[in-house]
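Hello,

Here is the structure you asked about. My notes follow below it.

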Amino acid sequence: MTYIAFLIATFFYFSVGPGGVLHSDRWFRALQGRVDALEPDFWLGFVLLVVVPCAAFTLVYALLQEMFGAATVLLLGSAALFFSFGRLDWPALLNRCKARAAGGDLEGVLLTLEAAGRGPLKADDADAAGREAVRVLLYEGFQRWFPPVLYFLLLGPVAAVGYRLLVLGRGDQHVALKSLQHFLDWLPSRLLLLTLGVVGNFEAIRPLLLDRSFDADIATDELLLEGLEFALPVHTAEPTARLEQVRQGLQRATVVWVLVASLLVIVS
């Protein structure tokens, strides 16, 4: 049932896109405002913003599972995973950036990303601006689907919901959740690196996997950017080609993850 819930949520997310009731976060913003008013320390804020909602979901999930059995995993599990996916309309954002880049407006690309809440961004020249755009888009494409899926399949719906709550709260001025998100990004980002090697040039990415994967200080977005550049290099200075390579790399990786999950279900 977990696998079917994963397929249902993924199908609707990639066919319909983000949005709807499950991606309406007004309740979380209201909770966040109340937590801000308390000016809590880190751990109290973490408990109020993440642990308490997860505990409430766990209680509801357990009660419904007791009443409806495996159907709860299919229905509530699918909804929980869809909730855990990213809110950003990533394909549309990528297309807007490509349109700006095609006209040579790399500053406009960065402004587009900033308008989507991914900033502030700075670059000294065109090459740096293109690399910065790739870094942001690659990480956003990563965190919107890959970590929730991994934690859903490994640990269940509550883990996936907990990851998304961390992401929603990471910009909070009183509760510094970014370090916890960096920790939770570690395993899925390394698996994505490995996947990029499988769909691209594994020999080129292998030194990065061996030398940089266990560097706790490297930012996740920078590591993924280096991995994409090694595994799927673009032999042109054209910025649109670099942005399209982000799409292709993540699409191929998504297919691999779905296939691997399917094979594991078949052999288990």
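Which helix gives the largest share of the lining of the second largest pocket? It is α13, with six residues. Helices here are DSSP runs (H or I, at least four residues), numbered from the N terminus.

First, the ground rules. This is a predicted model: local features need pLDDT of at least 70, side-chain atom pairs count only at pLDDT 80 or more, and totals for chains, interfaces and linings use all residues. Residues are numbered from 1 along each chain as its sequence is written, and side-chain values use heavy atoms, without hydrogens or water.

**Pockets**

A pocket is an open set of points on a 1 Å grid over the protein atoms alone, where a 1.4 Å probe fits, with protein on both sides within 12 Å along at least five of seven lines; lining residues have an atom within 4 Å of a point. Volume is the space filled by probe spheres set on the points, which are joined across faces, edges and corners.

The second largest pocket holds about 390 Å³. It has 16 lining residues; Leu-150, Trp-257, Val-260, Ala-261 and Leu-264 lie nearest its centre. By class, 14 are nonpolar, two polar and none charged. Nonpolar means Ala, Val, Leu, Ile, Met, Phe, Trp, Tyr, Cys and Pro; charged means Asp, Glu, Lys and Arg; the others, Gly among them, are polar.

The largest pocket holds about 750 Å³. Of its 28 lining residues, Arg-118, Tyr-139, Glu-140, Arg-170 and Gln-181 are closest to the centre. The lining has eight nonpolar, nine polar and 11 charged residues. Helix α7 gives the most, five residues.

**Core**

A nonpolar core is a set of buried Ala, Val, Leu, Ile, Met, Phe, Trp, Tyr and Cys residues joined through side-chain atoms within 4.5 Å. Buried means under 20% relative accessible area (1.4 Å probe, protein chains only). The largest core has 55 residues; Leu-113 and Trp-145 are among those that touch the most other members. Its largest share, eight residues, comes from α7 (residues 126–143).

**Aromatics**

Rings of Phe, Tyr and Trp (its six-membered ring) pair if their centres lie within 6.5 Å; planes under 30 degrees apart are stacked, over 60 edge-to-face, the rest tilted. There are 18 such pairs. Phe-142 and Phe-146 have ring centres 6.4 Å apart and planes at 15 degrees, so they are stacked. Trp-145 and Trp-257 are tilted, with centres 6.2 Å apart and planes at 50 degrees. Trp-145 sits in the loop between α7 and α8, Trp-257 in α13, 112 residues apart. Both Trp-145 and Trp-257 are buried.

Best wishes

Terms used:
Buried < 20%, exposed > 50% of the residue type's maximum accessible area, 1.4 Å probe, protein only. Helix = DSSP H or I, 4+ residues; strand = E, 2+ residues; numbered from the N terminus.
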